[in-house]
Amino acid sequence: MGIYMRAHGHDTTHGSIVKFKDKWYQFYHTADYSGRGNLRSVCFDELTYGPDGTINMVNTWGEPYLSTPITLLASSPLNVAAVNYNKGGNSKGHFNRNKIAPDRSLGQVDLDSEEWLRFSINTEKQGNYKVKASVRQNEPASRMAFLEDVEYLTEMNGIGLPSDAVGKWQEMSFDVPLQEGEHVIEFRVKKGNISIKNFTIEYE
């Protein structure tokens, strides 16, 4: 027994395993398109197995943009461009309601409410970290949350930007505990519309 599927950032998953034509599939639901826990979309992924027959973790976060997870050292800040979000398509490395991947050539990513970006990182040391993101709110009172392995490390409804200014780049910061090893971090807009240019993570 063990964990073979991570959370999705919504209230429930309600997973089921089904065999079809000699293959096993994990069925589950998300609320990506609705942004509401009681209005869900059905998803499924084929299950794979390790040499000992155990179920491998179902990949719902895509693959690192540069093929290997970004290394986060305790001795120096990590700087990441927002356009280097994970590969894997919609509902894996990113979520966008129009199903069009954010353009990596633009230097920023615009996200509406309940849209998100994921990044695979390899954290050298467990501890408290400060995350600083260069952001711009394009609608008043916009809010954003930060997650690790799709578990909220901020309030679920996100936090507001430091300044009420609309259309102005500013720095938004989160103080969060991060676990050692390979994990997935996520920026999720909870209200309004926010553009993200880049972010840094530094051990405190």
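This is a predicted model: local features need pLDDT of at least 70, side-chain atom pairs count only at pLDDT 80 or more; totals for chains, interfaces and linings use all residues.
F187 is buried, at 0% relative accessibility.

F187 forms an aromatic pair with F146. The centres of the two rings are 5.3 Å apart, the planes stand at 75 degrees, and the pair is edge-to-face. F146 sits in strand 10, residues 143-148, while F187 sits in strand 14, residues 181-191. The two are 41 residues apart, and the pair links distant parts of the chain. Is F146 buried or exposed? F146 counts as buried, also at 0% relative accessibility.

Which residues make up the aromatic cluster? F119, F146, F174, F187 and F199 form one cluster. The structure has 10 aromatic pairs in its count.

Another of these pairs is Y25 with F44. Their ring centres lie 5.9 Å apart and their planes are at 80 degrees, so this pair is edge-to-face. For anyone new to this, a pair of aromatic rings is described by the distance of the centres and the angle of the planes. Y25 has a relative accessible area of 16%, and it is buried because the cut-off for buried is under 20%.

Three strands form an open sheet in the order 1-2-3, with antiparallel pairing. Strand 1, residues 16-20, and strand 3, residues 41-46, are at the edges. Each of these has a single partner strand, so one side of each has no neighbour in the sheet. From one strand to the next, the twist averages 35 degrees.

How many bridges join strand 1 to strand 2? Five bridges join them, and strand 2 covers residues 23-30. S16 stands opposite F27 in strand 2. The hairpin of strand 1 and strand 2 has two residues between the strands, and K21 in this hairpin takes a positive phi near 50 degrees.

W24 is also in strand 2. Its relative accessibility is 36%, which counts as partly exposed. Together with I17, Y49 and I55, W24 makes a nonpolar surface patch of about 340 Å².

Now the charged residues. Side chains of opposite charge can pair when their charged atoms come close. How many salt bridges does the structure hold? It holds seven.

One of them joins the side chains of D175 and K130, at 2.8 Å from N to O. D175 belongs to strand 13, residues 169-178, and K130 to strand 9, residues 127-137. K130 counts as partly exposed, at 22% relative accessibility. K130 also forms a salt bridge with E204, where the closest N and O atoms are 4.0 Å apart. E204 lies in the segment after strand 15, and 74 residues separate it from K130.

The side chains of R188 and E186 meet in a salt bridge as well, at 2.6 Å from N to O. Are these two residues buried or exposed? R188 is buried, with a relative accessible area of 0%, and E186 counts as buried at 1%. Both belong to a network of salt bridges that links E114, R118, E186, R188 and K190.

Note on methods. Residues are numbered from 1 along each chain as its sequence is written. Side-chain values use heavy atoms; hydrogens and water are left out. Two strands pair if DSSP finds at least two bridges between them. Helices (H or I, at least four residues) and strands (E, at least two) are DSSP runs, numbered from the N terminus. Axes are lines fitted to C-alpha atoms, for helices over the stretch in contact, and angles run from 0 to 180 degrees between N-to-C directions. Patches are made of residues with over 30% relative accessible area and no salt bridge: like charges are joined within 9 Å, nonpolar side chains (Val, Leu, Ile, Met, Phe, Trp, Tyr) within 5 Å. Accessible areas come from the Shrake-Rupley method with a 1.4 Å probe; for residues, only the protein chains shown count as cover. Buried means under 20% relative accessible area, exposed over 50%, partly exposed in between (1.4 Å probe, protein chains only). Rings of Phe, Tyr and Trp (its six-membered ring) pair if their centres lie within 6.5 Å; planes under 30 degrees apart count as stacked, over 60 as edge-to-face and the rest as tilted.
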